[in-house]
Amino acid sequence: MPTDEPTRFDYLLGVMGVSLLSAALLGAISAVPLHLAAGVGSLIAAGVLVGGTLGEFS
């Protein structure tokens, strides 16, 4: 059943990866502590996962 086009979950995983990478970069190049930036990035990624999953079933 593979298709050539990305699915909704491919986009969700992409957004989660971008949020985690952005948080790590923000923590590395700014005055924001790395653990704080990583925590915020993880919360955003978790929110995308939960929101995307719940949106699939509604």
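A residue is called partly exposed when its relative accessible area falls between the 20% under which it would be buried and the 50% over which it would be exposed, and the legends below use the word in that sense for a predicted model.

View 1. In the predicted model, residues 12–30 are 95% helix and 0% strand, with 27 Å between the C-alpha atoms at the two ends. Residues 36–55 are 100% helix and 0% strand, and the C-alpha atoms at the ends of this span are 28 Å apart.

View 2. The residues L26, V32, L36, V40 and I44 together form a nonpolar surface patch of about 400 Å². Helix α2, which covers residues 34–57, supplies the largest share of this patch, with 3 residues.

**View 3. V40 in helix α2.** V40 lies in helix α2 and is one of the residues that make up the nonpolar patch. Because its relative accessibility is 44%, V40 counts as partly exposed.

**View 4. L26 in helix α1.** L26 belongs to helix α1, which runs over residues 8–29, and L26 is also among the residues of the nonpolar patch. With a relative accessible area of 43%, L26 is therefore classed as partly exposed. Between L26 and G55 there are 29 residues of separation in sequence, and their C-alpha atoms are 29 Å apart in space.

Note on methods
Residues numbered from 1 in each chain as written. Predicted model: local features only at pLDDT ≥ 70, side-chain atom pairs only at ≥ 80, totals over all residues. Heavy atoms only, no water. Helix = DSSP H or I, 4+ residues; strand = E, 2+ residues; numbered from the N terminus. Patch = residues over 30% accessible without salt bridge, like charges linked within 9 Å, V, L, I, M, F, W, Y side chains within 5 Å. Areas by Shrake-Rupley, 256 points an atom, 1.4 Å probe, with all protein chains shown as cover. Salt bridge = Lys/Arg side-chain N within 4 Å of Asp/Glu carboxyl O. Buried < 20%, exposed > 50% of the residue type's maximum accessible area, 1.4 Å probe, protein only.
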